[in-house]
Amino acid sequence: LREKLKSRGIDLPVFVGMRSWHPFLSDTLRSIHEKGFNKGIGIILATHRSEASCRRYKKNVEDAKDTVGAELIQYDYLEPWFENPLFIEAQADQVRQVMKNIPEAEKESMAVIFTAHSIPITMNEDCDHCRYSEEYKKSCSLVAAKLGIEDYVCAYQSRSGNPKDPWLAPDICKVIDAVAEDKKKGVLVIPVGFLCDNVEVLYDLDHEAHKQAEKQGLKYFRASTVMDHPTFVNMFSERIHNRCIQRVGDYGKQA
């Protein structure tokens, strides 16, 4: 992203802060504060909005600022991008890459399963702050349309918490079981709800879901997440570029 911004004539530093692993947000905010920055553009690396994947991150940033004495730093967050054409194209292209490895004769008997992290139904229904399942399904429909896929399932994975609490469903492993009952020969999994191949992709999908598919006698294929796909990176550079132009215009109006 830093290099892509430079190619647009924007020489801005790019920092990464995380909630649960290094570099932690507090360490990142301390570094930003020590360098003397007081304004920035925030990018929340979660495709679909919920309390856990959006609002809580903004609070984490505020808490980190307080922890390191950087309360005056102001962040302007990018708008949601779950239906941005560049994001959709990047994910569709990752699917195309894995489809090259599927024989044409097998594609007709292949079930397509999109997947995203499940969240509690109560959180999903917090409509003042969350459009999670709605945004997720929109991403699925746009990627499917881009690829000419008409039949697919929007599944969920990686639920946690109290097993008695209702979370978004269907679970991907149960979808795989249903696919087998429907006499399909394989599954193509598209983790559109994840931006990188993290543990919830590498273990929950490539181990647990894969194992479930093998148990049912199904071939298993999984598309990559968008990660550092050039088109995905370009989406962020384009949005930051436009935001910088907007800011310059606003300053001119104030002057």
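This is a predicted model: local features need pLDDT of at least 70, side-chain atom pairs count only at pLDDT 80 or more; totals for chains, interfaces and linings use all residues.
Tutor: Residues are numbered from 1 along each chain as its sequence is written, and side-chain values use heavy atoms, without hydrogens and water.

Student: Why are H8 and H10 called roughly parallel to each other?

Tutor: Helix H8 (residues 172-181) and helix H10 (residues 204-215) cross at roughly 25°, and their axes come within 9 Å. Angles under 35 degrees count as roughly parallel, over 145 as roughly antiparallel, 65 to 115 as roughly perpendicular and the rest as oblique. H8 and H10 are therefore roughly parallel.

Student: Which residues of H8 and H10 make the contact?

Tutor: Ile172, Cys173, Ile176 and Asp177 of H8 make the contact with Leu205, Glu208, Ala209, Gln212 and Ala213 of H10, where contact means heavy atoms within 4.5 Å. These residues divide into 6 nonpolar, 1 polar and 2 charged. Asp, Glu, Lys and Arg count as charged, Ala, Val, Leu, Ile, Met, Phe, Trp, Tyr, Cys and Pro as nonpolar, and the others, Gly among them, as polar.

Student: Why are H2 and H3 called oblique to each other?

Tutor: The axes of helix H2 (residues 25-34) and helix H3 (residues 51-67) cross at roughly 60° and come within 8 Å. H2 and H3 are therefore oblique. Leu25, Ser26 and Leu29 in H2 meet Asn60, Val61, Ala64 and Lys65 in H3.

Student: How much space lies in the second largest pocket, and which residues are the closest to its centre?

Tutor: The second largest pocket has about 340 Å³ of space. Of its 17 lining residues, Met110, Ala111, Val112, Ile149 and Asp151 are the closest to its centre. Strand S3 (residues 110-117) gives the most to this lining, with 3 residues. By class, the lining of the second largest pocket has 11 nonpolar, 1 polar and 5 charged residues.

Student: What makes such a space a pocket?

Tutor: On a 1 Å grid over the protein atoms alone, a pocket is an open set of points where a 1.4 Å probe fits, with protein on both sides within 12 Å along at least five of seven lines; lining residues have an atom within 4 Å of a point.

Conventions
Grid points are joined across faces, edges and corners, and a volume is the space filled by probe spheres set on the points. Helices (H or I, at least four residues) and strands (E, at least two) are DSSP runs, numbered from the N terminus. Axes are lines fitted to C-alpha atoms, for helices over the stretch in contact, and angles run from 0 to 180 degrees between N-to-C directions.
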